Amino acid sequence: MKQRADFAGLDVNDALAPLRDQFFLEEGLIYLDGNSLGAMPRITPNRVREVVEHEWGQGLIRSWNTAGWIELSACVGDKIARLIGARPGEVVAVDSTSVNLFKVLAAAIQIAQRRDLQRTHIISEASNFPTDLYIAQGLAQLLQGQIEVHAVERADVLASVSRKTAVLMLTHVNYRTGAMWDMAAVTAAAQAQGALVVWDLAHSAGAVEVDLHAANADFAIGCGYKYLNGGPGAPAFVWMHPRHSAQAQQPLAGWLGHAAPFAFSPDYTPAAGIARFVCGTPPVISLAALECGVDSVLSAQSAGGIAAIRKKSTALTQAFIDQIESRCASFGLELVSPRQAHLRGSQVCFSHSNAFPIMQALIARGVVGDFRAPNILRFGFTPLYTRFVDVFDAVEVLCEILSTQSWQQARFQKRQAVT
Ligand SMILES: Cc1ncc(COP(=O)(O)O)c(C=O)c1O
């Protein structure tokens, strides 16, 4: 059986290990929830203070020009583009993932229907993150029955794409299981049926290798507050393939997505390219914090970039699975994530009939993951700040909680609003 020293040895040889110092992480805390809310880069408070005190406090309205606020969505978008296989000028950081999904779905449906009015289906996975399904359902309702949403079992997704499909809408890495689609293969299969493909990269950007151009995807959206470390409620991002630039129309046609916002024309003319997906005034303070988070990921460039992050991520998740299965297997934990590393994102999930109180007991002991209904213990691994010894220590605590059944204490049964 592996010892703690074996894990410490892996940390010594890890080229990404020094990057942990970029983050504020409380001593003794093992944070395995960066897939939900990334840790705070140490530079973020100073940058936010500078934006508030200097750029806003002193610069006031002038800062839209002098501090580059008006370009910030595009600048941060360019940085995110480097992490997802997009090109400069193709990504903007705006709105939330849910709102961006609404915009791209509407645009994709219109493009599909301009080609063929018989294309009335949005196909997705029933176990997709609920907001994705709700947004599709909301859009279908708005379009008064012209569109049907079919959320099917994962195994049936590709077989469900047909000549009636307008859009295949999938999340690259599943939020509850960590299962990862082969983006290029799935995109090609759906496009062969004439469908457009929209990818949600919420659990991918900053954690796994994504190459939107190589996959020939149509649209993509994703979160800023998970592996991009942008802070709670950070702006999300949106990308479209440039082949759609001229024709894509999005319904939230706000003034800052206009070709000439300061012409104040009463009629809407969309800006060129992805800029038309901007709607209203961007949240400058949040964008500044997001930029710090994205920079923290880009800082891995000299140590191998996303490829090195992915390599460490698979090593961490594999070590976690192996440790749990060799040490706590008899306590009713069942692996829900794919066993094969290339099919798994940067998280590991186990089911257990008492998953909720077990996670509360873990959190009380300083091992922070999260619970996803009905019975999932979810652990995220952010290679920029998660160490191999964290894997060993987290499993040690989990085994103890399971063997002593300390999770049975009444204080661990109480559910709060956020799980
Ligand atoms: C796959 C996926 N999409 C979308 C969202 C939600 O995005 P937002 O609440 O930022 O709109 C989440 C949140 O966890 C998610 O996991």
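Colleague: At what angle do helix α4 (residues 72-84) and helix α10 (residues 284-298) pack?

Modeller: This is a predicted model: local features need pLDDT of at least 70, side-chain atom pairs count only at pLDDT 80 or more, and totals for chains, interfaces and linings use all residues. Residues are numbered from 1 along each chain as its sequence is written, and side-chain values use heavy atoms, without hydrogens and water. Axes are lines fitted to C-alpha atoms, for helices over the stretch in contact, and angles run from 0 to 180 degrees between N-to-C directions. For α4 and α10 the axes are 10 Å apart, at an angle of about 25°.

Colleague: Is α4 roughly parallel or roughly antiparallel to α10?

Modeller: Angles under 35 degrees count as roughly parallel, over 145 as roughly antiparallel, 65 to 115 as roughly perpendicular and the rest as oblique. The angle of α4 to α10 is about 25°. That makes the pair roughly parallel.

Colleague: Is the crossing of α4 and α10 left-handed or right-handed?

Modeller: A crossing is left-handed if the near helix is turned anticlockwise from the far one by less than a right angle, and right-handed if clockwise. Helices (H or I, at least four residues) and strands (E, at least two) are DSSP runs, numbered from the N terminus. The way α4 passes α10 is left-handed.

Colleague: How many residues of the contact of α4 with α10 are nonpolar?

Modeller: Contact means heavy atoms within 4.5 Å. From α4 come residues including Leu 72, Val 76, Ile 80 and Leu 83, and from α10 residues including Val 284, Leu 287, Val 294 and Leu 298. Ala, Val, Leu, Ile, Met, Phe, Trp, Tyr, Cys and Pro count as nonpolar, Asp, Glu, Lys and Arg as charged, and the others, Gly among them, as polar. The contact has four charged residues, one polar and, in the nonpolar class, 11.

Colleague: Is Asp 218 buried or exposed?

Modeller: Asp 218 is found in the loop between α9 (212-215) and β9 (219-222). Buried means under 20% relative accessible area, exposed over 50%, partly exposed in between (1.4 Å probe, protein chains only). At 3%, Asp 218 is buried.

Colleague: Which side chain is joined to that of Asp 218 by a polar contact of 2.7 Å?

Modeller: A polar contact is a pair of N or O atoms within 3.5 Å; within protein, one must be able to donate a hydrogen and the other to accept it, and residues adjacent in sequence count only if both atoms are side-chain atoms. The side chain of Asp 218 makes one of 2.9 Å with Arg 243. The 2.7 Å contact of Asp 218 is with His 244.

Colleague: What is the phi of Asn 216?

Modeller: Most residues other than glycine have a negative phi. Asn 216 sits in the loop between α9 and β9 and is partly exposed at 30%. Its phi is positive, near 60°.

Colleague: How many residues of helix α12 (residues 355-364) are buried?

Modeller: The buried ones include Phe 356, Ile 358, Met 359 and Leu 362. Their cover includes β13 (367-368), β14, β15 and α13 (388-404). Of the 10 residues in α12, the buried number seven.

Colleague: At roughly what angle do the axes of α12 and α13 cross?

Modeller: Ile 358, Ala 361 and Leu 362 in α12 meet residues of α13, among them Val 397 and Ile 401. By class the contact has eight nonpolar, no polar and no charged residues. The crossing is right-handed. The axes come within 10 Å and cross at roughly 125°.

Colleague: How far apart are the axes of helix α1 (residues 4-12) and α13?

Modeller: The two pack at an angle of about 155°. That makes α1 roughly antiparallel to α13. Their contact includes Phe 7 and Leu 10 of α1 and Phe 388 and Phe 392 of α13. The axes of α1 and α13 are apart by 7 Å.
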